[in-house]
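Work through the exercises below with the model open. Each task is followed by its solution.

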Amino acid sequence: MLSVMIVKLLIFTLFVTKDVHHIYAEMKLAAPQNVKVVSINMGAVVEWTSQDNSIRNMTYTVRYVPCDWGNVSSVCVKTTELKCDAGVLPFAFGCYIFQVRAEKNGMFSEWAKAPKFIPYQHTIIGPPAVHLVIQNNSLDVTVRAPVLKIGKLSTFFSQVSYTIKHQIEGIEDESIKKISTSSDEDVKLSIKGLHPWSRYCVQAKVDPKGLKEGEQYSTPVCVTNVPVLVSCGIAAVVLVPLALLAAWLIYKVYRFLYPKTKLPEHLKNLFVPSFWSAEATQHPPHQKEQHDKISTVSEDQQNEELCEKIQISEDEQSVSSCVLAPIEEMEEDYKLLMHMKPAPLFYPNQLYPLCLKNSLFTLSNQSCCGGSSSTQASYYNVANSDRVS
């Protein structure tokens with residue numbers, strides 16, 4: 001009886017284990033395929049393909065491990081693209097194994113491995129940079145070494161050759177020049193005897209010694225040989241109108257900020273005295289500049305003083321208002337001072353009339369010289385201070 005129960009338990013365990021294994025197998029994702037490393041200028045870009053493109057929102061994780069020993073380093077985590085830029089690797093002469101796996105909703109695939117990758121051996125040196133300058137009827141070509149992600153060309157290669165190819169656009173004949181160097185300095189080539197109005201195109205590639213010869217020529221760089229006189233004429237035609245336009249704009253802006261405003265001559269005299277000149281402001285270095293003290297007077301106090309002066313100087317005429325603009329008040333005061341006659345001289349023991357036409361001496365609180373019905377004149381002795389009628 002006991003043996004029968006043990007047999008049934010074993011059979012049940014076998015079936016359960018089989019079902020669990022089947023479910024786990026169905027939950028695993030398909031691993032990526034065709035994993036490879038593309039390297040240009042000591043870089044590393046991992047590329048792969050997916051077995052099931054119908055699954056959406058699939059992510060991938062990429063990592064690498066040294067071939068001999070070392071820690072695992074993840075370079076891309078949960079990326080949706082089918083490639084990953086590993087960036088700068090620790091060593092150009094090291095050996096690395098890149099691995100990729102698929103991920104989705106907590107499920108993972110097996111790690112798919114790429115072949116062993118050694119940057120120094122498997123990299124491709126990209127094309128150099130080409131610069132062209134035409135001067136004195138000659139074409140100066142400057143070829144600059146490509147920039148590596150790890151080190152420089154002279155660090156890994158004892159000798160580097162540059163193949164420079166140039167031709168006239170539209171003509172099949174081309175010239176090829178090969179220059180070798182052992183440093184990272186720019187390679188220069190001068191092409192003389194240019195044809196006017198001809199367009200020259202130049203390409204270059206790098207051939208490091210000990211590395212498989214590269215097949216990547218740079219993009220053609222072209223330049224047209226325009227005569228110097230024509231170039232100067234074109235530059236003048238373009239630059240002269242621009243200069244005139246810039247000068248006109250500057251003049252307009254200056255006039256907008258500092259407009260032309262002219263004051264009347266009588267107002268100019270108020271603000272600029274006749275003795276004021278540019279020469280008066282210039283003093284010798286040893287001479288001390290002389291100046292007067294200026295007191296600040298409020299506008300209300302100034303208005304009150306001007307009103308009092310106007311009331312004293314008026315000849316039986318009333319002023320409708322004492323509230324004048326600052327410039328009008330100064331102008332009115334100036335006119336009053338200009339038309340005022342100087343005060344007469346007085347001598348002792350002489351009689352003088354108290355009221356004279358246009359005189360500054362008047363009797364307060366009564367009419368003078370015609371203001372009363374009496375025509376008797378009044379006189380004043382200055383020395384004795386007696387009034388005589």
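**Exercise 1.** Is Gly-126 buried or exposed?

*Solution.* The model is predicted. Start with the cut-off: buried means under 20% relative accessible area. Gly-126 has 3% relative accessibility, so Gly-126 counts as buried.

**Exercise 2.** Place Gly-126 in the chain, then find which residues Gly-126 is in contact with, leaving aside neighbours within four places in sequence.

*Solution.* Begin with the location. Gly-126 sits in the loop between helix H2 (119–122) and strand E9 (129–135). Next, list the contacts: Ile-40, Asn-41, Pro-146, Val-206 and Gln-216. Now take one of them, Gln-216. Gly-126 and Gln-216 are 90 residues apart in sequence, yet their C-alpha atoms are 6.3 Å apart.

**Exercise 3.** Examine the salt bridge between Asp-85 and Lys-149. Which parts of the chain does the pair tie together?

*Solution.* Check the distance: 3.5 Å, N to O. The cut-off is 4 Å. Then assign the elements. Asp-85 belongs to strand E5 (residues 83–85), and Lys-149 to the loop between strand E10 (138–144) and helix H3 (153–156), so the pair ties together parts 64 residues apart in sequence. Finish with accessibility. Asp-85 is partly exposed at 45%, and Lys-149 is partly exposed at 39%.

**Exercise 4.** How many salt bridges does the structure hold? Describe the one formed by Arg-199 and Glu-169.

*Solution.* The structure holds 4. For Arg-199 and Glu-169, the closest N and O atoms are 3.2 Å apart. Arg-199 lies in strand E14 (residues 199–208), while Glu-169 lies in the loop between strand E11 (160–168) and E12. Arg-199 is partly exposed at 33%. Glu-169 is also partly exposed, at 47%.

How values were computed
Residues numbered from 1 in each chain as written. Predicted model: local features only at pLDDT ≥ 70, side-chain atom pairs only at ≥ 80, totals over all residues. Heavy atoms only, no water. Helix = DSSP H or I, 4+ residues; strand = E, 2+ residues; numbered from the N terminus. Buried < 20%, exposed > 50% of the residue type's maximum accessible area, 1.4 Å probe, protein only. Contact = heavy atoms within 4.5 Å. Salt bridge = Lys/Arg side-chain N within 4 Å of Asp/Glu carboxyl O.
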